[in-house]
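These notes are meant for a colleague opening this entry for the first time. Please keep the sequence and the structure side by side while going through the numbered points.

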Amino acid sequence: MANIYDGAFRTILNDCRKLVIPVVNEIFGETYTGKEEIRFFPNEHFLDQQDAADQKRITDTNFTIFEKVPKKYHVECESGLPDGKMTIRLFEYDAQIALDEGDAESILYLFT
């Protein structure tokens, strides 16, 4: 049953893009006007795990709002009963998003 609500949430944010700005403004205390560019990124990720098969995970939404300083957002909707693992899943998703979207040049810059 939770997948129905997760799918509805993804659809609202991905298909009704005009609603993204008010949601972000409310959740994160931003003051976007609605004129900013929003770029969505793939929601499907494969978690790289040592000594285990890659697990497929689908995030609810993963997007960047471009203003003077681009800001990346990852929003999840938990529709099931709390299982105490949401923080762990968010960390796993965000770590994998960083790995998927990173590039070697940025990584080298961090270590030089």
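1. Leaving aside neighbours within four places in sequence, Asn25 is in contact (heavy atoms within 4.5 Å) with Glu30, Thr31 and Tyr32. Asn25 is found in helix α2, where helices (H or I, at least four residues) and strands (E, at least two) are DSSP runs numbered from the N terminus. At 19% relative accessibility, Asn25 counts as buried, given that buried means under 20% relative accessible area, exposed over 50% and partly exposed in between, with a 1.4 Å probe and protein chains only.

2. The model is a predicted one, in which local features need pLDDT of at least 70 and side-chain atom pairs count only at pLDDT 80 or more, while totals for chains, interfaces and linings use all residues. Residues are numbered from 1 along each chain as its sequence is written, and side-chain values use heavy atoms, with hydrogens and water left out.

3. The pLDDT, which is the predictor's confidence in each residue on a scale from 0 to 100, averages 75 over the protein chain, and 71% of the residues score at least 70. Where pLDDT is low, the predicted coordinates should not be read in detail.

4. The protein chain has four helices and five strands, and their order along the sequence is α-α-β-β-β-β-β-α-α. Of its 112 residues, 29% are buried. Among the contacts in the chain with a separation of 6 or more, 46% are accounted for by residues 24 or more positions apart. The chain exposes about 8,100 Å², of which carbon and sulfur atoms supply 59%; accessible areas come from the Shrake-Rupley method with a 1.4 Å probe, and for residues only the protein chains shown count as cover.

5. Which residues of α2 are buried? They are Val20, Ile21, Val24 and Asn25. These residues cover an arc of only 130° around the axis, which puts them on the same side of α2; the arc is that of the directions from the helix axis to the C-beta atoms. On the other side of α2, Glu26 and Ile27 are exposed, and just after the helix Gly29 takes a positive phi of about 70°.

6. The bridge partner of Phe40 in β4 is Phe63.

7. Strand β4 (residues 61-66) is also joined to strand β5 (residues 71-75), by five bridges and again in antiparallel fashion. A hairpin of four residues connects β4 to β5, and Ile65 has Lys71 in β5 as its bridge partner.

8. Thr64 lies in β4 and is buried, with a relative accessible area of 7%. Although Thr64 and Arg39 are 25 residues apart along the chain, their C-alpha atoms are separated by 5.3 Å. Beyond its neighbours within four places in sequence, Thr64 is in contact with residues including Glu37, Ile38, Arg39 and Lys71.

9. Tyr73 lies in β5 and is buried, its relative accessible area being 6%. Leaving aside neighbours within four places in sequence, Tyr73 is in contact with Val24, Phe28, Glu30, Tyr32, Thr61, Asn62, Phe63 and Ile65. The C-alpha atoms of Tyr73 and Phe63, 10 residues apart along the chain, are separated by 5.4 Å.

10. Ser79 has its place in the loop between β5 and α3 and, at 30% relative accessibility, counts as partly exposed. Its C-alpha atom is separated by 6.8 Å from that of Asp6, the two residues being 73 residues apart along the chain.

11. Helix α3 (residues 86-101) has buried residues at Met86, Arg89, Tyr93, Gln96 and Ile97. Seen down the axis of α3, these buried residues fall within an arc of 105°, so they line one face of the helix. The face turned away from this buried side carries the exposed residues Thr87, Ile88, Phe91, Ala98 and Leu99.

Terms used:
Pairing = 2+ DSSP bridges.
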